[in-house]
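This report covers selected helices and aromatic pairs. Please look over the structure below before reading on.

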Amino acid sequence: MADYDRGVTAQHLPADVPFFAQWAQRGSKPRTLDSAIALMTLLDFSPPPSLAVVGSKGKGTAAAAASTSLSASGLTTVAVTSPAFRSNRERIRLDGRAISDADYRLISSRLSEVLGSLPSEHYLSPSGAFTIMGAWWASMIGADVLVLEEGMGGKTDEVSLFSHRAMAVTPIFEEHIGIIGDDLRSVAENLLGAGSDTIEFVGTARQSPVVNALIEQNVSDWGADVVPSSPIAHANPLIGENLGLGHAIGAALSEALGREAQPVPSLHLPGRTSIHHGPRGTWCVDAAISPAGVRAALAAAPLTNPTIVASWPLSKDVAACREILPGAIHVSVPGLPYPDLPRFAEVVEGLEGDVLALGTISFIAEVLEYLKVPTDLW
């Protein structure tokens with residue numbers, strides 16, 4: 001195995017342990033919001049005004065763009081996203097930079113102090129622990145605004161426990177069927193369930209008619225305003241759309257919080273059609289998980305006849321994605337449902353020349369770790 005291969009992506013700091021403790025020992029216990037509610041009660045804090053980012057794809061891109069826009073207006077911005085690439089410190093960022101080791105240890109220590117007081121019949125998910133502890137830390141340092149990316153679902157995710165001022169809705173499609181919904185409509189209803197009548201602004205990417213109708217109904221029920229957005233120029237137009245969405249909703253929230261929106265520099269985010277130099281060729285890395293995303297990444301990749309390495313668990317539209325890439329090498333990621341496939345670490349040393357890597361964030365994290373791509377700063 002290569003020396004970068006840790007078995008479980010990005011979970012390699014001693015301070016990680018409390019965030020994953022209940023999940024690691026969950027057995028047959030259900031994941032509910034009860035433990036998260038109990039944790040928030042024990043911490044007893046008031047979070048800053050917040051923006052929720054929900055959707056099936058593009059949430060991390062939109063969250064990064066929104067955070068950059070808010071910080072550019074002079075607002076101290078804490079963002080909580082998931083999963084991480086190379087270190088779980090990346091899940092909590094201050095003005096775009098992953099928190100320091102010292103701050104991460106402080107947050108971890110506080111979680112450790114209260115973890116034993118949580119209900120034992122449920123488990124606290126890792127993404128939920130990061131969401132709540134990130135919000136707690138934002139409150140402790142006096143941050144002006146909080147950006148929260150949902151982990152899985154909206155109504156059923158810890159992001160729904162906050163009274164948000166704004167919401168960004170990235171593309172929603174049939175994903176996590178049987179977990180957060182049984183069809184497109186119920187998946188969308190769950191995701192939009194992170195909102196309430198405290199929402200003042202909603203921005204959305206292009207959606208299907210079914211999802212658009214649900215968004216319109218929620219906007220009307222909440223009494224919110226729709227924030228228009230325009231795509232930002234990018235080699236991959238799907239990424240450009242989510243960057244534009246994030247910048248627009250960030251600017252609207254900045255102005256609502258009394259700051260003048262400012263122009264922000266272009267964002268080139270790792271894992272979003274990003275280009276890196278490997279030991280034996282150039283790599284284009286993209287977290288494409290849908291047929292549309294795969295086609296967009298293929299069109300945007302500035303490579304000629306690359307080797308394609310792809311990784312999609314069974315929860316994605318694997319058959320449709322594979323049909324687009326008949327010659328790809330398919331690999332698996334620990335902890336996710338896959339057919340019998342080799343690990344990335346088992347095939348990477350045999351790769352020569354240029355490579356296009358496509359798949360889930362967890363897989364992209366392995367690739368970026370192998371390439372030693374800096375991921376601390378957006």
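## Helix H7 and asparagine 218

Helices here are DSSP runs of H or I with at least four residues, numbered from the N terminus. The model is a predicted one. On that numbering, asparagine 218 sits in helix H7, which covers residues 209-222.

Is asparagine 218 buried or exposed? The cut-off for buried is under 20% relative accessible area. Asparagine 218 has 19% relative accessibility, so this residue counts as buried.

## Helix H8 and its ends

Helix H8 runs over residues 237-256, 20 residues in total. From first C-alpha to last, H8 reaches 29 Å. That is close to the 28 Å expected at 1.5 Å a residue. H8 is also mostly covered, with 16 of its 20 residues buried.

Both ends deserve a look. At the start of H8, asparagine 236 points a side-chain oxygen to within 3.0 Å of the backbone nitrogen of leucine 238. After H8 comes glycine 258, with a positive phi near 90°.

## A stacked pair and its cluster

How many aromatic pairs does a search of the whole structure find? The count is nine. One of them is stacked: phenylalanine 19 with phenylalanine 130, at 4.0 Å centre to centre and 5° between the planes. This pair links distant parts of the chain. Phenylalanine 19 belongs to helix H1 (residues 17-24) and phenylalanine 130 to helix H5 (residues 126-140), and the two are 111 residues apart.

Phenylalanine 19 has a relative accessibility of 1%, so it counts as buried. Phenylalanine 130 is buried as well, with a relative accessible area of 1%.

## An edge-to-face pair

Phenylalanine 344 and phenylalanine 363 make an edge-to-face pair. Their ring centres are 5.6 Å apart, with 85° between the planes. Phenylalanine 344 is in helix H11 (residues 344-347), while phenylalanine 363 is in helix H12 (residues 361-371), so the pair ties together parts 19 residues apart in sequence. Both phenylalanine 344 and phenylalanine 363 are buried.

Which residues do ring pairs link into a cluster? They are Phe19, Phe20, Trp23, Tyr104 and Phe130.

Terms used
Residues numbered from 1 in each chain as written. Predicted model: local features only at pLDDT ≥ 70, side-chain atom pairs only at ≥ 80, totals over all residues. Heavy atoms only, no water. Expected span 1.5 Å × (residues − 1). Buried < 20%, exposed > 50% of the residue type's maximum accessible area, 1.4 Å probe, protein only. Polar contact = N/O pair within 3.5 Å; in protein donor to acceptor, adjacent residues only side chain to side chain. Phe/Tyr/Trp six-rings, centres within 6.5 Å; stacked < 30°, edge-to-face > 60°.
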